[in-house]
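Let's walk through this structure together, one packing contact at a time. Have the sequence and the 3D view ready as you read.

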Number of protein chains: 2
Amino acid sequence: MSTPLTNVRSERVKTVRALSRRSVREKTGRFLAEGPQAVREVVAHHPDRVVDLYVTREAARRHTDIVSAAQAAGVHLHEVSDEVLAALCDTQAPQGLAAVCRVLTASLDDVLATGPRLLVLLTHVRDPGNAGTVIRGADAAGADAVLVSDASVDVFAPKVVRSTAGSLFHLPVVTGLSLQPTFAALRERGVRLLAADGAGTVLLPDCDLTAPHAWVMGNEAWGLDIATRDECDEVVRVPIYGKAESLNLAMAATVCLYASASAQKAAQTG
Amino acid sequence: MSTPLTNVRSERVKTVRALSRRSVREKTGRFLAEGPQAVREVVAHHPDRVVDLYVTREAARRHTDIVSAAQAAGVHLHEVSDEVLAALCDTQAPQGLAAVCRVLTASLDDVLATGPRLLVLLTHVRDPGNAGTVIRGADAAGADAVLVSDASVDVFAPKVVRSTAGSLFHLPVVTGLSLQPTFAALRERGVRLLAADGAGTVLLPDCDLTAPHAWVMGNEAWGLDIATRDECDEVVRVPIYGKAESLNLAMAATVCLYASASAQKAAQTG
């Protein structure tokens with residue numbers, strides 16, 4: 001590594017810090033992965049996407065695995081002071097590491113060409129924590145990809161990236177999708193559309209989940225609109241056995257995705 | 001209602017605001033429920049626990065159901081200015097309503113006397129959002145109670161109360177428990193102890209969940225310590241089908257609790 005960067009007012013710092021704004025991310029096609037978990041995963045799975053890796057001296061000593069992997073992959077490494085790292089990041093405690101990355105783009109066609117069996121489609125999801133946690137849950141449940149409609153939060157926003165806990169770099173995430181053509185493309189490939197909504201008439205345990213399907217999840221406050229629900233093959237409700245009004249979006253998605261994964265695994269081995 | 005309270009520097013405001021501190025909640029045995037969802041549920045399920053209900057004029061007009069129910073239950077209602085409501089609350093946008101409540105205490109003996117079939121026990125859980133979301137998930141899955149060890153976050157902290165989305169008032173929550181005597185009491189009543197931990201050797205889908213059991217959940221970062229795991233009847237792992245390192249605590253708890261609820265419902269009806 002070269003001489004540490006210590007000037008918090010440099011153009012470089014301003015340019016990176018600006019990536020906390022959606023407009024700048026969309027214009028530059030870049031985003032910032034903050035903290036050891038996110039940085040470790042992007043270096044491991046997509047080193048070609050890492051434009052610059054910033055690390056404090058202490059973090060470089062603590063995370064020799066990440067630094068070695070980055071060096072082996074030919075990533076541009078920059079030692080920075082604690083103050084510069086803090087100035088680069090949106091997170092209050094970025095734990096010494098941040099990587100400027102090129103936005104990871106997957107296309108719906110590429111995803112469909114793989115013959116997906118389990119997908120999740122987010123539409124009008126606005127809360128970054130919920131969106132990130134759904135991506136983490138989809139990864140854990142072994143989903144083939146996460147699809148995100150154009151009316152949703154930007155999955156490269158700092159809080160979404162953090163909430164995915166590295167899962168953003170583990171499975172294809174297709175963004176900016178229009179709902180109608182996406183539904184049509186999924187149908188054509190034999191992927192059933194299952195709306196997950198509190199207004200559903202089919203209970204999750206009664207739903208056949210062995211065939212390929214996509215869980216369609218709506219806004220955290222108002223769910224899916226009627227028109228969207230009507231276009232899906234089934235509207236499925238997670239049963240509420242107690243007095244709770246509902247589950248939050250991330251919990252509902254995780255329960256649905258795990259039910260799908262269990263059903264598909266059982267069908268494979270049974 | 002009497003004349004609106006408008007003095008943000010009054011002793012009353014200071015006394016209520018102080019409930020954001022754990023030491024004050026423990027000394028007074030009171031806590032604050034903020035926002036329409038929490039206030040509606042405490043008024044509906046435990047009106048005798050509500051000491052004072054503070055409401056802005058606009059919120060009183062918007063939430064006539066809550067105000068009527070409070071009046072019918074003989075709750076002390078106080079109209080306050082927007083500024084006073086903001087000064088009372090921990091939340092940035094409390095949406096016009098807050099209720100000072102007496103801490104709801106349930107005892108382990110009372111819970112065990114009901115013959116519980118599904119419980120969750122939190123130990124060393126520190127993150128308020130995770131703890132609150134587990135309580136919400138336990139309520140949704142129809143658990144009989146939530147047990148909380150003495151080394152965990154205070155469930156009456158503002159952020160926990162908010163994250164439960166009203167579920168704090170729906171099922172018994174037993175706090176301040178020591179782990180050893182609790183384990184012994186559960187065993188004596190025939191409740192199996194299932195540790196939920198990434199180090200588990202039994203996979204969730206392979207676990208028999210029909211008998212009465214308690215899910216024992218540990219700290220969000222390091223899980224359960226070895227001694228605690230060893231004392232449980234089984235150490236169970238939620239399978240990770242993709243590349244995610246783990247699920248977060250609230251997601252794992254919700255998946256486990258729903259697996260239990262499904263198994264127990266199926267056993268009842270089968």
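Axes here are lines fitted to C-alpha atoms, for helices over the stretch in contact, and angles run from 0 to 180 degrees between N-to-C directions. Helices (H or I, at least four residues) and strands (E, at least two) are DSSP runs, numbered from the N terminus. This is a predicted model, in which local features need pLDDT of at least 70, side-chain atom pairs count only at pLDDT 80 or more, and totals for chains, interfaces and linings use all residues. Residues are numbered from 1 along each chain as its sequence is written, while chains are lettered from A and ligands numbered from 1 in the order in which they are written.

With that in hand, start inside chain A. The axes of H3(A) and helix H5 (residues 64-72) of chain A come within 10 Å and cross at roughly 30°. Angles under 35 degrees count as roughly parallel, over 145 as roughly antiparallel, 65 to 115 as roughly perpendicular and the rest as oblique. H3(A) and H5(A) are therefore roughly parallel to each other. Their crossing is left-handed, a term used if the near helix is turned anticlockwise from the far one by less than a right angle, with right-handed used if clockwise. On the H3(A) side, Pro36(A), Val39(A), Arg40(A), Val43(A) and Ala44(A) meet Ile66(A), Ala69(A) and Ala70(A) of H5(A); residues are in contact if their C-beta atoms, placed from the backbone, lie within 7 Å.

Now step back to the whole chain. Chain A is divided into domain 1 (11-102) and domain 2 (108-269), with bounds that come from an automatic or database domain assignment. The C-alpha centres of these two domains of chain A lie 29 Å apart. Their contact takes 17 residues from domain 1 of chain A and 10 residues from domain 2 of chain A. Which element gives the largest share of the domain 1 side? That is H3(A), with seven residues.

Next, look at how the two chains meet. The contact takes 28 residues from chain A and 28 residues from chain B. H12(A) gives the most to the side of chain A that touches chain B, with seven residues. By class, this side of chain A has 14 nonpolar, 10 polar and four charged residues. Here Ala, Val, Leu, Ile, Met, Phe, Trp, Tyr, Cys and Pro count as nonpolar, Asp, Glu, Lys and Arg as charged, and the others, Gly among them, as polar.

How are the copies related? Chain A can be laid on chain B with an RMSD of 0.0 Å by a turn of 180° and a shift of 0.0 Å along the axis, using least squares on the C-alpha atoms of residues with pLDDT of at least 70 in both. The two copies are thus related as by a two-fold rotation axis. The same surface serves both, since 100% of the contact residues of chain A recur in chain B.

H12(A) and helix H12 (residues 249-269) of chain B pack at an angle of about 50°, with their axes 9 Å apart. H12(A) and H12(B) are therefore oblique to each other, and H12(A) passes H12(B) in a right-handed crossing. Ala250(A), Met251(A), Thr254(A), Val255(A) and Tyr258(A) meet Ala250(B), Met251(B), Thr254(B), Val255(B) and Tyr258(B).

Technical notes:
Contact = placed C-beta atoms within 7 Å.
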